[in-house]
Amino acid sequence: MKIYASAEDYLEAILSLRLRKGIVRSVDIANELNFTKPSVSVAMKKLRESGYIRMDETGLISLLPPGEEIAQRIYERHQLLTDLFIRLGVDPEQAATDACKVEHDLSAETFSKIKEYVNRLGQD
């Protein structure tokens, strides 16, 4: 099943918020991504119907295994690419912005090679 970059961004935001705050609500996602609450509500409904997230009766959002897998993959890409761009001398804020643009489009092979390269840099 093809998942779009926007859905990947939502799943990554849920993971990132969970890591920082422990819990995630729609309003947190709206604030994190600077989206309107109605837009987030529509997206959460689609992610829930697709089996990527669960929302409990109090509005807490959690990732289901397929959503967790995608979120972890995109989060790892974002972190590694941001680190690489910063090492190249890019301003940290710009590096994070650029990583967000690139993280969705890299093939698994290219990302794997970038990861190997960054890991070798860390050994030097």
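**Close-up views of the predicted model**

**View A. Val90 touches Phe85 and Ala95, leaving out residues up to four places away in sequence.** Contact here and below means heavy atoms within 4.5 Å. Val90 sits in the loop between α4 and α5; helices (H or I, at least four residues) and strands (E, at least two) are DSSP runs, numbered from the N terminus. With a relative accessible area of 28%, Val90 is partly exposed (buried is under 20%, exposed over 50%, partly exposed in between; 1.4 Å probe, protein chains only). Between Val90 and Gly59 there are 31 residues in sequence and 38 Å in space, C-alpha to C-alpha. The model is predicted: local features need pLDDT of at least 70 and side-chain atom pairs count only at pLDDT 80 or more, whereas totals for chains, interfaces and linings use all residues. Residues are numbered from 1 along each chain as its sequence is written, and side-chain values use heavy atoms, with hydrogens and water left out.

**View B. Helix α4 (residues 65-87) and helix α5 (residues 92-102) cross at roughly 135°, their axes coming within 8 Å.** Axes are lines fitted to C-alpha atoms, for helices over the stretch in contact, and angles run from 0 to 180 degrees between N-to-C directions. The two helices are therefore oblique to each other (under 35 degrees is roughly parallel, over 145 roughly antiparallel, 65 to 115 roughly perpendicular, the rest oblique). From α4, the residues His78, Leu81, Thr82, Phe85 and Ile86 meet Pro92, Ala95, Ala96, Asp98, Ala99, Cys100 and Val102 of α5. Nine residues of this contact are nonpolar, two polar and one charged (Ala, Val, Leu, Ile, Met, Phe, Trp, Tyr, Cys and Pro count as nonpolar, Asp, Glu, Lys and Arg as charged, the others, Gly among them, as polar).

**View C. Thr82 belongs to helix α4 and is buried, at 13% relative accessibility.** Beyond residues up to four places away in sequence, Thr82 touches Ala95, Ala96 and Ala99.

**View D. Leu64 lies in the loop between β2 and α4.** A relative accessible area of 27% makes Leu64 partly exposed. Its contacts, neighbours within four places in sequence aside, are Gly51, Tyr52, Ile53 and Arg54. Leu64 and Asn31 stand 22 Å apart in space, C-alpha to C-alpha, and 33 residues apart in sequence.

**View E. The axes of α2 and α3 come within 9 Å and cross at roughly 115°.** This crossing is right-handed. Ser26, Val27, Ile29 and Ala30 of α2 make the contact with Lys37, Val40 and Met44 of α3. By class, five of the contact residues are nonpolar, one is polar and one is charged.

**View F. Asn34 occupies the loop between α2 (26-33) and α3 (37-49).** Its phi is near 60°, a positive value in a residue other than glycine. At 70% relative accessibility, Asn34 counts as exposed.

**View G. Confidence in the protein chain is lowest in helix α6 (residues 108-123) and highest in strand β2 (residues 61-63).** The mean pLDDT is 88 in α6 and 98 in β2, where pLDDT is the predictor's confidence in each residue, from 0 to 100. The protein chain averages 93, and 97% of the residues score at least 70. Where pLDDT is low, the predicted coordinates should not be read in detail.

Methods: Left-handed = near helix turned anticlockwise from the far one by under 90°.
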